Amino acid sequence: MTELTRCTWKGMNGDPFYEAYHDDEWGVPEWDSRALWEKLVLDGFQAGLSWITILRKREAFRAAFANFDPDKVARFDETDRARLMADAGIIRSNGKIDAAIAGARIYLDMRERGEDFGTFLWDMVGGAPIQNRWRAGEVPAQTPLAVDMAKALKAKGFKFCGPVIVYAFMQATGLVNDHLVTCYRREECEALGHRH
């Protein structure tokens, strides 16, 4: 079997858990609104930390946050906040926990006004993944579009969604395809973007 050529993420190659995330998930276009919101919340929790730290805690986050069901998270109260702050399996940050709960309420408010969260995000990229052709060392930390998306999210009241976090979110959810041109997943993810 030939060795697969992947993106050049620090600490990924040789880590089966991290490689599986890259190979199966990262850059795959995500159209489901709930799944997009979950990823935005997790990227918010990543602020100041490495993504692998969040990835290793993702199942604990899902358990703690009712599988990121916005209808349930929006009803979280002080008892839930205390439970979350005592949960060593997640990142215990008052600000990030409050942002997640508030974000669920914003998500529901959008839905009640007939605005689909996923459609809101995908419309900002023209309804299909942006296909970039980066080489190692060329991938930006943010783009003008990420700045615009961050502003649009903040205008709705979402927190922990600055341009760098939003660009990482866009990459992970396939709003942009940032697999390197040398990566075996680049063309596969590009093909997935044409199927919606």
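1. The accessible surface of the chain amounts to about 9,500 Å², and carbon and sulfur atoms account for 52% of that area. The model is predicted. Of its 196 residues, 47% count as buried.

2. The chain contains 10 helices and two strands, in the sequence order α-α-α-α-α-α-α-β-α-α-β-α. The C-alpha trace spans about 50 × 35 × 25 Å along its principal axes. Among contacts between residues at least 6 apart in sequence, 67% join residues at least 24 apart.

3. The chain carries 26 positive and 29 negative charges, whose mean positions are 4 Å apart. The structure holds 17 salt bridges.

4. Arg-34 and Glu-38 form one of these salt bridges, with the closest N and O atoms 2.9 Å apart. Both residues belong to helix H2 (residues 33–46) and, being four residues apart, are separated by about one helical turn. Arg-34 is partly exposed at 27% relative accessible area, whereas Glu-38 is buried at 4%.

5. In the salt bridge between Arg-81 and Asp-98, the closest N and O atoms are 2.4 Å apart. Because Arg-81 lies in helix H5 (residues 78–85) and Asp-98 in helix H6 (residues 94–112), the pair ties together parts 17 residues apart in sequence. Arg-81 is buried, at 16%; Asp-98 is partly exposed, at 34%.

6. Arg-113 pairs with Glu-115 in a salt bridge whose closest N and O atoms are 3.8 Å apart. Arg-113 is exposed, with 52% relative accessibility, and Glu-115 is partly exposed, with 25%.

Conventions. Residues are numbered from 1 along each chain as its sequence is written. This is a predicted model: local features need pLDDT of at least 70, side-chain atom pairs count only at pLDDT 80 or more; totals for chains, interfaces and linings use all residues. Side-chain values use heavy atoms; hydrogens and water are left out. Buried means under 20% relative accessible area, exposed over 50%, partly exposed in between (1.4 Å probe, protein chains only). Contact means heavy atoms within 4.5 Å. Accessible areas come from the Shrake-Rupley method with a 1.4 Å probe; for residues, only the protein chains shown count as cover. Lys and Arg count as positive and Asp and Glu as negative; His and the chain ends are not counted. The place of a charge is taken as NZ of Lys, CZ of Arg, CG of Asp or CD of Glu. A salt bridge is a side-chain nitrogen of Lys or Arg within 4 Å of a carboxyl oxygen of Asp or Glu.
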